[in-house]
Amino acid sequence: MKNLSYFLLVLLASMLHLNVLADVPVRGRITDETSGTAIERVAIQIDHGQNGFVSDAGGNFTLFLEKGEHTLSFTHISYRPLSVKIMVGDKNEFLDIRMVPDMIGLDEINIISSIARERVTPVAMSTIKTALIEREMVGQEYPEIMKMTPGVYATRLGGGNGEARISIRGFQQENLGLLLNGVPVSSVENGLVYWSNWAGLGDATQSIQVQRGLGASRVALNSVGGTINIITKTTDARKGGSIRHTISDFGNRKTILSLSTGKTQNGYALTFLGSRTTGEGYTDATYIDAWAWFLTISKQLNPNHLLVFTGMGSPERHGQRTYGLTKQQYDYYGNRYNPSWGMFNGKILSLAENHYHKPQLALNHYWNISKKSMLASSAYLSFGSGGGNFSEAYKSNGAATFRKNNQIDWDAIYLQNLNNTDSAQLANGEYVHGFSKIILSDFLADHVWYGLLSTLNHEVNDRLKIITGFHTRYFKSNLREQVGNLMGGKFWIDEYAWSMAGIGGRKQIKGVGDIINVDNDARVDVISYFGQAEYTLGDVTAFAAGTVSNTWFKRADRINYIGNTESETVSKAGFDMKAGINYNYDEHHNFYLNGGYYSKAPYFKFVFGNFGNEVVKDLGNEKIEAFEAGYGFTRGNINLKLNAYYTLWKDKSILSRENIQLENDAQTRALIRGLDALHKGVEFEGSAQLSRIFMLGSVISAGNWRWNNDVQAELYNDNQVLIDYTEVYAKGLRVGDAPQMQFGIYGEAKILPELTLNFNWLYYGQLYAEFDPAGRNNPEDRRQPYRIPDYSMADLFLNYSFKLAGLETITSLSCFNVAGKETIMRGEDGINHDLATFRGFWSQGRTFSLSMKISF
């Protein structure tokens, strides 16, 4: 009996011991860090020894490990090796393993582009990766893929291809920094971004980092509201390619081809991407006919020197809807109505058509000087050419007043010109006959810019890093109007009606190709020097940065002036200072603070404020004070971010949009100076992987953006002599054109290993119509601009992955505005600040897009 008892005790102890040492299942999934797609056949090594495990077609894996700490190593021919330490217990989190593609120059471009780092850089940021970009670019405009970022409002405008607008924290595009691989690409004349010029950008984008507020960029001096930092695809280290075709339910089609040589034995690598887009457009007469190309070539000269050339462009022609609809037009004709076109000779002829091609070329050199120093430089060149349709009238009502079936009656215009028997007297006394009363003209805008951006990154020691460098740019543009189509007449009479010099003995009889009304050049040269120090001590990271810059402005005008057509050169200095600190309380919690001050040089349009070469007198810089505090939490698959911001914008300059009649019947524009605005608010974003198959996220922003004061607007004559004032009553008015309340949720459900459903839903509130403060001249009118009704919008995306003839294939179905509700998204306030006098843009109804991508 004693032996039996002893045997049972030994058996029980052995079982307990085996239970302690029993292997525990650990499960996970491996995906591409940039695209989010699953990676199969990833080799998995345990504790640098045991291997033989690989991920399946869905990127999934299951390992059986003893309890305790382990190191897992992941390797794949197309990705950078990755090692992860894990602690195995009774219950283990599902491992979300993300591998970075082996792309040449990716780390280096992140340095020159001022990419912010989570839990290190003390700024509010959101990063949008390739998977979301590829998924949501199908059927949307480029800015719209950033709409699930707190504080961001991105919508279409008239409905034409590339016709979109984005704002951050209530600041419009001219006060945001847009960087392409670290190079500023916003217009230096007015700060605007013409998204139609970048039709192929979505196909070439690797990632987008939206830095709200001051941001981490060292060259984006106009980034009052934030910086949009776009990183294009670098050269693939792996040979291969893909082809993708997309079609929408309203007839737009797009085909994209991507090819990569991979890294060759002699150190070269090339990646090419080309696309073709055609279609009729959702809104009437917003057709699109576009090509796009992207090319990157890299050469590893030696272990310390890497050259990367990147070029892209998109020659395109598309129809537009320039002006918003009234409520009456929307009710009668619907949201697709476009009043700016008609039929002529059996084809669509539109007053709102744009055509442009703006190649952007850059040659980057990366030099690893030593283990502690690296110099990254980018020499770039961009040249654009194109324009848009316009019309002129002489002794006739304008083209838009000739209507047939609520569209422009081009046949009537043609017959009026053809049968015109009127005579006109020229300045030399000669009488002429057969002139056109209405013509079509081309407003052409050409430009060239080139520059150099160089950044030195030096690690002084383990704690201190110094970043310094410079950026210089030359810019010149030409704006002119040309006679495009005489529409049945023999010639056009140029009265030089808007010229300060009058006719001045110049030619009045004009034909196709001759310049009329506008012919001026803008010259803007900039140089800036920047420096930044980063200091790390344990869990604390701090930085201090500053930039000084100088901008030179010059204008030439061959219509307003005869003889001396050039202005004086105007020089304006600017600077910014900013600092921040991040504290990682532990591996889960971090806190940060930042603050800064900008002295922002004015745009070209304010320096020469009245369409002439006379310089606006005593024009000062705009000043921006900004502060921000934030908190971050990360634990396993849960990520939360919360921040509050305060931005005071002082001495803002605004030009009135409308000309103002003076006593002598001359016209001028009102220049507002000294206007202040206060933008403050809170933002939240968070996401959680609730299970192996379901992820849920949310974004919230609540703002309070108001104009702070009343000012006097100054009226100048053509010689910039102050002749009058007008009062502007803006104090307490809400800033328009962006919702001050935003709430959204998004998610992803893995229905099957090969089938994924993504969704997003956004609610917008406290959205006020855009308005011109210069028009608020009545002290009795303190009413807020028209408040656009609150609205919400939902989108769905379905992706199915499979093998087609042994090739990786993804089929995607997208549904935008699932509920199909048409609602006002943007617009301009009317004289009565109500819907009856409002003019704006309604959303598209429910739309679908279907695409298929085959990789090889």
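How many salt bridges does the count come to by the rule?

Modeller: This is a predicted model, in which local features need pLDDT of at least 70 and side-chain atom pairs count only at pLDDT 80 or more, while totals for chains, interfaces and linings use all residues. Residues are numbered from 1 along each chain as its sequence is written, and side-chain values use heavy atoms, with hydrogens and water left out. The count comes to 37 salt bridges, a salt bridge being a side-chain nitrogen of Lys or Arg within 4 Å of a carboxyl oxygen of Asp or Glu. Among them is the pair of E136 and R135, whose side chains meet at 3.9 Å, N to O; both E136 and R135 are buried, where buried means under 20% relative accessible area, exposed over 50% and partly exposed in between, with a 1.4 Å probe and protein chains only. D781 and R776 also meet in a salt bridge, at 3.9 Å from N to O, and here D781 is buried with a relative accessible area of 14%, while R776 is buried with 5%. The salt bridge of K803 and E808, at 3.8 Å from N to O, joins a partly exposed K803, with a relative accessible area of 47%, to a partly exposed E808, with 37%. Beyond such pairs, salt bridges link R169, R212, E628, E683 and E685 in a network. Of these residues, R212 also stands opposite G226 in β15.

Definitions and conventions: Pairing = 2+ DSSP bridges. Helix = DSSP H or I, 4+ residues; strand = E, 2+ residues; numbered from the N terminus.
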